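Entries follow in the order I looked things up.

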Amino acid sequence: MRIGYGLGSLCTGTFATVPGLILLYYLTNVLAVSPALAGAAVFLPKAWDVLINPLVGALSDRSRLRGGPRRPFLLIGACTLPPLFALIFAAPPLRGMAAAAYVAALFLLAATAYAVFQVPYVTMPAEITDDPAERRRVLSWRVGFLGAAILLSGALAPAIAHTDGGTPASYRLMGIAVAVLLAVGMFGAWFTTRWAPAVARSTAEPSLRAQLAVARTNRPFLFLAGMWFLQALAVGVMLAGVQYFATYTLGSPAAVTPLFACLIGPLVLVMPLWTRLARLRGAKYAQGCATVLYVAGAAALALTGHVGNALGYAAVAVIGIAYAGLQLLPLTLLADTLAADTARTGKRRAATFTGLWTAAETLAFALGAGVFALVLALTGFRSSDADHEVAQPAAALTGITAGMSLLPALLAAASLWLLHHYREDPADAPEDATRAP
């Protein structure tokens, strides 16, 4: 069951990675869409998830469909998201505003299908076990598959897309390949979780306003969600900039593949170390360490143009070590916070809090691409199609490097203030800490 549930992260990791990594570049460098218009085409459909997530949560809570309140929604998402994703990159021969409208419309439909799958999926760990240790084991498998999905999709998608110089045909092939990966994870999670126990049932508030009202009663959750929003925004900005950084700073569009290998390669190796540190010193302490390491790596990345490409790869490897912690530890803190809320109030409100968490994460990643597009627009980046490469002004090259490095570093540094004010719950304390009498 743990492995089966984890398979769903092949979807969540891939859909969170590939559009953020490729879609903005696809619009500006293949379909000749201006940076500002491209940013809107990427941001608005994902921002829609913030509104649709509470509706999906409420529908799932009230569902009386055969198979339980969550699994039928996994199946609906699995049937709709893969073909919609492939169609995003199967645009007819359009350019400029027409191309942006086509991509935005398909991306909006895909984002809706993703919400139908993701919201019930994220809720399930709080409902299949009451044991915190078992819940952490379930989340560990989820994070493990998440890392595999990010590595596989982040390396595979650009490699296919840049075949034959990044033509529209190669992007169409990439869309089909990624759609297959999405289908494997989504159908796999739906099929295997039929054996998952149902020891609890949580319900979400029926509207975003009602969910926010509940969240205001839980200060630890507010600080934790705020911290994760800033960190997800930092990752989203960096993710949107990776392809531009590879092309214009490192000098080759294909450099995005080894960059991703440096970023995600350490994930499996260092994940047990972050888990051990959280067990010994507490998840909040480990989260702080991971955040500081991320800030240091992102700041060092800004020096790549002056020192050389080797520094860029090394800095991304440091970011990758930190990223392993940033993927695992916030989920651990969230699970502990939800358990503490249940113990304090006697109510199972995991669906409400996970719905808000998912909405904040989705908005942050969407805003990340929009923020990087704004940097491109302000620094004078010049769009082009696949057949005509154009020279970029020096200001645009500086903006690409700063947007990829210094801006994410500042956002992650700001999140440390919110983490500092997050109150540790008893479940988050180190195992071997000495308690006062």
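I took contact to mean heavy atoms within 4.5 Å. The model is a predicted one.

**Helix pair.** I began with α2 (residues 9-29) and α5 (residues 96-123). Their axes lie 11 Å apart, and the packing angle is about 165°. Angles over 145 degrees count as roughly antiparallel, so α2 runs roughly antiparallel to α5. I noted the crossing of α2 and α5 as left-handed.

Next I listed who touches whom. From α2, the contact takes in Ser9, Cys11, Thr12, Phe15, Pro19, Leu23, Tyr26 and Leu27. From α5, I found Ala99, Ala100, Val103, Phe107, Ala110, Ala111, Tyr114, Phe117, Gln118 and Tyr121. I sorted the residues of this α2 and α5 contact by type: 15 are nonpolar, 3 are polar and no charged residue takes part.

**Thr352.** Is Thr352 buried or exposed? I found Thr352 in helix α16, which spans residues 350-378. Its relative accessibility is 1%, and buried means under 20%, so Thr352 counts as buried. I also checked Thr352 against Gly57, 295 residues away along the chain. The C-alpha atoms of the two are separated by 7.8 Å.

**Confidence.** I then read the scores. The protein has an average pLDDT of 83, and 86% of the residues score at least 70. Where does pLDDT stay under 50? I found that stretch at residues 426-437. The model gives residues 426-437 13 contacts beyond four places in sequence. Where pLDDT is low, predicted coordinates should not be read in detail.

Key:
Residues are numbered from 1 along each chain as its sequence is written. This is a predicted model: local features need pLDDT of at least 70, side-chain atom pairs count only at pLDDT 80 or more; totals for chains, interfaces and linings use all residues. Side-chain values use heavy atoms; hydrogens and water are left out. Axes are lines fitted to C-alpha atoms, for helices over the stretch in contact, and angles run from 0 to 180 degrees between N-to-C directions. Helices (H or I, at least four residues) and strands (E, at least two) are DSSP runs, numbered from the N terminus. Angles under 35 degrees count as roughly parallel, over 145 as roughly antiparallel, 65 to 115 as roughly perpendicular and the rest as oblique. A crossing is left-handed if the near helix is turned anticlockwise from the far one by less than a right angle, and right-handed if clockwise. Ala, Val, Leu, Ile, Met, Phe, Trp, Tyr, Cys and Pro count as nonpolar, Asp, Glu, Lys and Arg as charged, and the others, Gly among them, as polar. pLDDT is the predictor's confidence in each residue, from 0 to 100. Buried means under 20% relative accessible area, exposed over 50%, partly exposed in between (1.4 Å probe, protein chains only).
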